[in-house]
Amino acid sequence: MLVERLKEPNTELYRPALETLRTLIRTSTSSMTSVPNHLNLQALYETWPTSETSLFADILSVLAMTYSDTQPRGTLRYRLLSASLRPSDSPLADPGTWGHEYVRHLAAELGEEFSLREEAELEEAQQSDKAAESKDQLPGTIEDLRNLAKQCATFLLGHNAEPDAVDLLEEMEIIDEITQLVDDNTYGRVCQYMIRCVNLLPPPDDLVFLRTAHNIYVQHHKFPEALSLAIRLGDPDLIREDFHTPPIQDAEEELESDLQDCLFNTKLSQHFRDFGKELGVEDAKSLEDVYKSHLENTTGTFVNAFVNAGFGNDKLMVTAEEGNSWIYKNKDHGMMSAAASLGLSLLWDTDYTYSAEEHIKAGALFATGMLNTGVRTEADFALNLLSDYTENKSVPLKTSAFMGLALAYAGSHREEILPSFCHTKHGDISETILQTLMEKFERGDKSLDEKWAKFMALGWDSCLQDASDATIETLKAIDHPISKTAQILVEACSFAGTGNVLKIQSMLHQCDEHVNAPKKDEEKKDVKDEAKRDDSFQAFAVIAISLIAMGEDIGAEMSLRQFNHLMHYGDPVIRKSVPLAIGLVSASNPQLPILDTLSKYSHDNDLQVAINAIFAMGLVGAGTNNARLAQMLRQLAGYYQKEPDSLFMVRIAQGLVHMGKGTIGLNPFFSDRSIMSRPAVAGLLATLTAFTDAKSFVLDKYHWMLYLLTPAMYPRFLITLDENLENKPVTVRVGQAIDVVGQAGKPRTISGFQTHQSPVRLGTTERAELATEEYIPFTHVLEGFVVLQKNPGWEKEDKMEL
């Protein structure tokens with residue numbers, strides 16, 4: 001009947017009929033298909049007078065949802081037509097008045113229309129204006145589409161559909177405008193969703209998402225969350241701004257002193273040892289406890305150091321009687337490693353002395369650097385002592401001084417350290433290394449062919465924040481194998497932990513070439529005299545895959561499948577690097593499939609593959625005390641009883657698995673695995689670089705390179721403190737972390753949890769939460785040191801219950 005009214009010549013009946021039709025549609029509980037045929041109304045609309053056309057178009061926009069197959073983007077077309085026919089002082093009603101389904105339909109069509117218009121613009125630019133006319137053009141400008149998208153996003157945000165709102169604004173390329181649309185109820189879920197999307201976005205969208213989420217947190221005074229995003233962005237100015245923004249209390253001097261203690265990690269050693277007492281692992285572990293058999297050689301140095309790291313009470317070194325120290329049971333380089341092992345035993349404890357014998361002195365210098373890793377003192381003991389030896393004529397002393405400085409000040413950006421390494425201003429260190437590489441190449445210096453050249457490339461790449469085209473082009477000008485290695489490393493370091501799919505594909509492409517395989521036309525010729533081409537760059541391409549993929553769970557899982565293919569079809573140089581890459585992608589995270597894969601590779605016919613697989617087993621299980629892995633390694637010790645190099649590596653792996661008696665991990669990610677520690681990655685990468693040619697480094701007289709893992713070593717604990725920074729035991733739940741982003745309501749963020757009294761140990765994939773609301777944490781992630789504040793409303797609630 002209403003449709004018949006619209007066909008009558010009496011125009012006064014039109015508006016009441018349309019109003020009634022609108023009310024019926026809005027209040028209808030039956031199916032939309034029961035509404036009169038949309039096509040009949042559409043034909044009627046074309047012949048209508050203009051007075052009530054806007055309302056008619058608005059109704060047709062809703063009806064078009066059921067006929068989207070006959071007219072693409074009909075809902076959006078009539079919505080835009082309706083809006084264009086309204087006077088400027090009387091805008092169209094909010095799309096949310098038609099309901100949730102209508103808004104979702106509109107959002108889908110907006111994204112489609114926006115991408116079509118962008119394609120049309122590109123085609124126009126390429127081939128004049130042919131394409132624009134051929135498309136089914138809708139009314140309205142890009143700005144109209146974006147304004148409508150913001151209206152839809154506002155509705156979605158207000159109806160628990162935050163992910164849909166974010167997706168819509170991202171499609172319309174106005175995600176930064178969401179900061180104006182969120183409120184106190186929605187900003188948390190919006191930011192969580194945006195942060196989870198970052199790993200799945202291509203550059204530069206990933207950085208735009210991070211900056212937008214950062215701005216929202218600052219807008220709502222959530223400074224710890226904002227600071228963590230500023231660190232992820234790697235923007236020093238933004239970090240400083242966030243750090244100084246929160247209001248500072250009156251007692252500034254006291255606060256500065258407390259802050260300095262926190263930033264310098266001054267009390268880390270004491271807290272760590274107290275943590276050991278709480279867990280009942282304070283007593284030193286002997287080698288027999290780890291091996292389950294007696295064995296004494298250089299291996300004992302490293303196993304003892306890793307297992308008792310940080311506790312400062314091991315029986316071989318620290319508490320040994322004078323003259324009966326383990327140091328004197330070693331020779332030359334063994335002495336150096338033994339003395340340096342004190343640095344791990346006394347990790348983060350800055351009171352230390354040393355001997356006068358050259359190799360012992362060298363080890364002591366190395367140890368000084370190690371025990372200052374991640375810790376600072378006002379006296380700057382490491383800098384003052386070690387810088388005196390950087391010009392020493394003794395190679396062991398000079399080497400140890402440089403390595404000690406590097407470990408002690410990794411990632412500190414302190415300008416006063418740089419003159420010890422090169423006579424240059426801050427910021428030019430990467431240029432100095434690149435200049436040296438070019439000069440060595442131009443004068444045909446043979447040192448570029450040496451095994452140490454790869455570390456020069458690695459050092460240069462670690463300095464760079466991003467791989468610019470100019471940098472890559474400069475490297476291409478150096479016609480030497482080291483150039484290819486440097487190019488791969490610079491891209492890997494720039495995209496470390498980002499999960500960038502295109503970069504992973506480019507690294508896989510580097511691995512698909514059989515560099516020294518004879519070509520078809522050369523197969524019959526004698527190619528014995530021809531020199532082998534350098535294929536070492538492929539080893540770094542494999543490691544680069546895991547370096548880029550390790551920050552993102554799905555990418556890391558997919559990379560394991562690629563490593564399986566590389567192991568089957570790759571050349572020996574690729575095969576020996578695959579276990580190292582697996583170890584890096586899953587450091588301190590012993591998953592069963594990975595352990596089984598590495599166990600298989602540890603029996604490989606190629607001894608280099610086996611040795612690297614054994615070391616990777618140590619990396620994967622580092623600091624976990626994993627019983628299955630410990631059993632595997634004991635069996636391997638029996639299997640390789642007569643193979644000294646393999647047995648050495650099995651013992652090292654055993655030491656890593658029990659590192660810090662199960663309290664210290666190697667995983668480079670912190671803050672709920674969202675922020676990557678660059679010094680930790682640098683330490684892991686330097687160690688893996690040594691293992692790309694294990695026989696020349698770790699299995700030769702440079703076994704001290706195992707200590708390069710130190711920057712990645714950090715306790716996996718949760719220690720709760722009160723506002724005076726004193727230990728405050730509280731009840732916490734610890735369980736496997738679950739991703740609940742985008743789920744409705746407030747689901748639990750952990751599963752299979754157990755309730756403990758803090759302090760507690762946290763595994764790599766575990767998460768903690770407070771069991772009660774008696775205390776409020778100052779930080780959003782419960783790991784490491786967490787300062788708690790008494791909840792002022794807690795006692796009142798208690799009394800009410802009583």
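I counted secondary structure to begin with and found 36 helices and 11 strands in the chain, taking both as DSSP runs numbered from the N terminus, with at least four residues (H or I) for a helix and at least two (E) for a strand. The model is a predicted one, in which local features need pLDDT of at least 70 and side-chain atom pairs count only at pLDDT 80 or more, while totals for chains, interfaces and linings use all residues. Residues are numbered from 1 along each chain as its sequence is written, and side-chain values use heavy atoms, with hydrogens and water left out.

I then looked up burial and noted that 50% of the 802 residues are buried, where buried means under 20% relative accessible area, exposed over 50% and partly exposed in between, with a 1.4 Å probe and protein chains only.

Lys-661 is buried but has no salt bridge, and Asp-283, the nearest side chain of opposite charge, is 7.0 Å away; a salt bridge would need a side-chain nitrogen of Lys or Arg within 4 Å of a carboxyl oxygen of Asp or Glu. I did find a polar atom of the Lys-661 side chain 2.9 Å from the backbone oxygen of Val-281. Leaving aside residues up to four places away in sequence, Lys-661 touches several others, including Glu-282, Phe-311 and Asn-625, with contact meaning heavy atoms within 4.5 Å.

Last, I checked Ile-554, which lies in helix 28 (residues 553-569) and is exposed, with a relative accessible area of 52%.

Notes: Lys and Arg count as positive and Asp and Glu as negative; His and the chain ends are not counted. A polar contact is a pair of N or O atoms within 3.5 Å; within protein, one must be able to donate a hydrogen and the other to accept it, and residues adjacent in sequence count only if both atoms are side-chain atoms.
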